[in-house]
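Take them one at a time, and keep the viewer open as you go.

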Amino acid sequence: MSEYVATVEWVRGDQPFLDNKYARAHDWRFDGGAVVRGSSAPGSVPVPLSDPAAVDPEEALVAAVSSCHMLFFLAYAAKDGFVVDRYLDQAVGVMGRDERGKVSITAVTLRPAVAFSGDKRPDAAAIADLHHRSHEHCYVANSIRAPVTVEPQPA
């Protein structure tokens, strides 16, 4: 078993609170020292109470699914002898009401475009297998209720 720690800190400062007009920007701190500015999504809480330059939790979830899939894909590609030069995914999460009637991320679509080089290059079947194995082993995709679809794109 492993543990992963993220510290999330919001400070009110001198802004009012009970009127619900407080800034939602906050910091995410990770064990390696990275600090990421977080905020509510501007679609949920209008600017200036949300920070459009910050990462909102919905974007972070989509990025986490994409990143997890990519890291497994790179590991399996290397193990299979394929050299990956670039991996670009423009992942999309859709928010809506789920089967319980709760607002949630109802689907995530990954659209990875992968460029390979070297003497040994995967054919379409090998690429599909790399994505299949990556999807099956991605911890984050296995942790969420929304279906995750992988739609490989040309590099």
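Rings of Phe, Tyr and Trp (its six-membered ring) pair if their centres lie within 6.5 Å; planes under 30 degrees apart are stacked, over 60 edge-to-face and the rest tilted. This is a predicted model, in which local features need pLDDT of at least 70 and side-chain atom pairs 80 or more, while totals for chains, interfaces and linings use all residues. Residues are numbered from 1 along each chain as its sequence is written, and side-chain values use heavy atoms, without hydrogens and water.

**Exercise 1.** Find how many aromatic pairs the whole structure has, then classify the pair of Trp10 and Tyr22.

Solution. Step one: the search returns eight aromatic pairs. Step two: the centres of Trp10 and Tyr22 are 5.6 Å apart with planes at 70°, so this pair is edge-to-face.

**Exercise 2.** Find which charged residues sit over the rings of Phe82 and Tyr76.

Solution. Step one: the test asks for NZ of Lys or CZ of Arg within 6 Å of the ring centre and within 35 degrees of the ring normal. Step two: Lys120 lies over the face of Phe82, 5.0 Å from the ring centre. Step three: Arg133 has its charged end over the ring of Tyr76, 4.8 Å from the centre.
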